[in-house]
Amino acid sequence: MSTLTDSSVSRRAGLPVGECVFSALLLLTGIITIVDSLHLPPSISASGIGADLMSKVVGGFLVVVSILLFVQLLRGNRGEPDEAEGDVDPSKTRYGMLFTAIAVIIVHGLLIEPAGFVVASTLTFWGIAFT
């Protein structure tokens, strides 16, 4: 059985601002998605399922998830940081990997038109996996 230290109790006493902001941004994204999908043209197919269906489903999903996340925050269930998120030494940052990933993403953007989506995405996947 573990005991809570004073710092962990005081840290968990208030409402977590960062997680509340994330929940609010998720809610805003869902609302914008739903409102934007209402402006899509209606379907002319016999089934009545048009281009707006998927965006309404995704927007509704985002709204529901953001509300559930906010309810969990109010109940006191908070995200726990991983062990690696503690004290990070910036002198050990691997800039080579960062620049390689940035270069792979830029090459992806340049290859989409001439090589096609499948080839560009495959090369991007392997480039990021290598990094």
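Me: In which helix is Ile31 placed, and is Ile31 buried, partly exposed or exposed?
Reply: The model is predicted, so local features require pLDDT of at least 70 and side-chain atom pairs pLDDT 80 or more, while totals for chains, interfaces and linings use all residues. Residues are numbered from 1 along each chain as its sequence is written, and side-chain values use heavy atoms, without hydrogens and water. Ile31 belongs to helix H2 (residues 17–37), helices being DSSP runs of H or I with at least four residues, numbered from the N terminus. Buried means under 20% relative accessible area, exposed over 50% and partly exposed in between (1.4 Å probe, protein chains only); because its relative accessibility is 41%, Ile31 is partly exposed.

Me: What distance separates the C-alpha atoms of Ile31 and Gly60?
Reply: Along the chain, Ile31 and Gly60 are 29 residues apart. Their C-alpha atoms are separated by 7.8 Å.

Me: Which residues does Ser55 contact, leaving aside neighbours within four places in sequence?
Reply: Ser55 lies in helix H3 (residues 52–75). Contact means heavy atoms within 4.5 Å. With those neighbours left aside, the partners are Thr33, Ser37 and Leu40.

Me: Which side chains form the salt bridge?
Reply: A salt bridge places a side-chain nitrogen of Lys or Arg within 4 Å of a carboxyl oxygen of Asp or Glu, and the structure holds one. At 3.0 Å, N to O, the pair is Asp52 and Lys56.

Notes. Helices (H or I, at least four residues) and strands (E, at least two) are DSSP runs, numbered from the N terminus.
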